[in-house]
Amino acid sequence: MKNSLLLGCIVVGLLSLSSCAGWLRTASRPELAETEKERVSRQTEKADPTKDPDKLSDKDLEKYAYELGLDPKKPLTETEQKEVMNRRRLRQLERNLDSPKERVNYSKVLPLFANDQEKIDYLSIPSLEGRQAWVNRNKLWNRDKTNPDLMAVAEAQDITLGMSQELVRKSWGEPTQVEHSGNPIYKNERWKYVRDLPTTSGYKRERRYVYFEGGRVVGWETE
């Protein structure tokens, strides 16, 4: 009887030590606890039958509509609603890029996509080899070089909307400063150019800023 009680106490003690050791490992490495939290959150969201993947929350609607330059306070057309849904789907796929190699490859081709749907088509392919085949099949690398309008603007040392970073460099050279908004791989950037212009009263310093979204020019300003 005494031996049974002693054995029981030993087992309970070992189990307690094991639990404490597990807690200590997690407590000493917060990233493990966060990963576990995220895993539970994903499982909960997946198991929630009330969530409709085709329905946007008011918060998501506002967020992605503003990203697209739309006013969420006004009724959206059917086309605009589809654009907003595509943007949310795209952001989900981008967040699922797990490896550095995946993110680097996506960053390289990002400026060459024509729209969100192409980005979704590319990211929906599960393998890196399949994505590269998609890029080659759709001839993404030749898009800027075969666009006579963009090439003509670059040759005139000017810039225009939709121009890639490569062509901006061809037109204006390397920027003086580059600022990133968010993750650099998404190429949402502001480039700064500084030059001194001759005037009748001497030289005047001019500052020009070029704004990129996804590696494409979306605007610029001069000071």
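**Close-up views of a predicted model**

**View 1. Helix α4 meets helix α6.** Asn 86, Arg 87, Arg 89, Leu 90, Leu 93 and Glu 94 of α4 contact Asp 116, Gln 117, Lys 119, Ile 120 and Leu 123 of α6. Contact means heavy atoms within 4.5 Å. By type, the residues of this contact are 4 nonpolar, 2 polar and 5 charged. Nonpolar covers Ala, Val, Leu, Ile, Met, Phe, Trp, Tyr, Cys and Pro; charged covers Asp, Glu, Lys and Arg; the others, Gly among them, are polar. The model is predicted: local features need pLDDT of at least 70, side-chain atom pairs count only at pLDDT 80 or more, and totals for chains, interfaces and linings use all residues. Residues are numbered from 1 along each chain as its sequence is written, and side-chain values use heavy atoms, with hydrogens and water left out.

**View 2. The geometry of the α4 and α6 packing.** The two helices pack at an angle of about 35°, and their axes are 9 Å apart. Axes are lines fitted to C-alpha atoms, for helices over the stretch in contact; angles run from 0 to 180 degrees between N-to-C directions. The crossing of α4 past α6 is left-handed. That means the near helix is turned anticlockwise from the far one by less than a right angle; clockwise would be right-handed. Helices (H or I, at least four residues) and strands (E, at least two) are DSSP runs, numbered from the N terminus.

**View 3. The largest nonpolar core.** This core has 17 residues. Tyr 106, Phe 113, Tyr 122, Leu 123, Trp 134, Val 135 and Leu 140 have the most contacts inside it. Two or more residues come from each of α4 (78-95), α5 (100-109), α6 (116-123) and α7 (128-137). Helix α6 gives the most, with 3 residues. A nonpolar core is a set of buried Ala, Val, Leu, Ile, Met, Phe, Trp, Tyr and Cys residues joined through side-chain atoms within 4.5 Å. Buried means under 20% relative accessible area, exposed over 50%, and partly exposed in between (1.4 Å probe, protein chains only).

**View 4. Around Tyr 122.** Which residues does Tyr 122 touch, not counting those up to four places away in sequence? They are Asn 105, Tyr 106, Val 109, Phe 113, Arg 131, Trp 134 and Val 135. Tyr 122 also belongs to an aromatic cluster with Tyr 106, Phe 113, Trp 134 and Tyr 186.

View 5. The whole structure holds 8 aromatic pairs. In one of them, Trp 172 and Tyr 193 sit edge-to-face, 5.4 Å centre to centre, with 85° between the planes. Trp 172 is in helix α9 (residues 165-172) and Tyr 193 in strand β2, so the pair ties together parts 21 residues apart in sequence. Trp 172 is buried at 16% relative accessibility, and Tyr 193 is buried at 6%. The ring centres of Trp 191 and Phe 212 are 4.6 Å apart and the planes stand at 55°, so this pair is tilted. Rings of Phe, Tyr and Trp (its six-membered ring) pair if their centres lie within 6.5 Å; planes under 30 degrees apart are stacked, over 60 edge-to-face, and the rest tilted.

**View 6. Two lysines with positive phi.** Lys 139 has a phi near 55°. Lys 139 lies in the loop between α7 and α8 (148-155). Lys 187 has a phi of about 55° and lies in the loop between β1 (177-180) and β2 (189-199). Is each lysine buried or exposed? Lys 139 is exposed, at 57% relative accessible area. Lys 187 is buried, at 17%.
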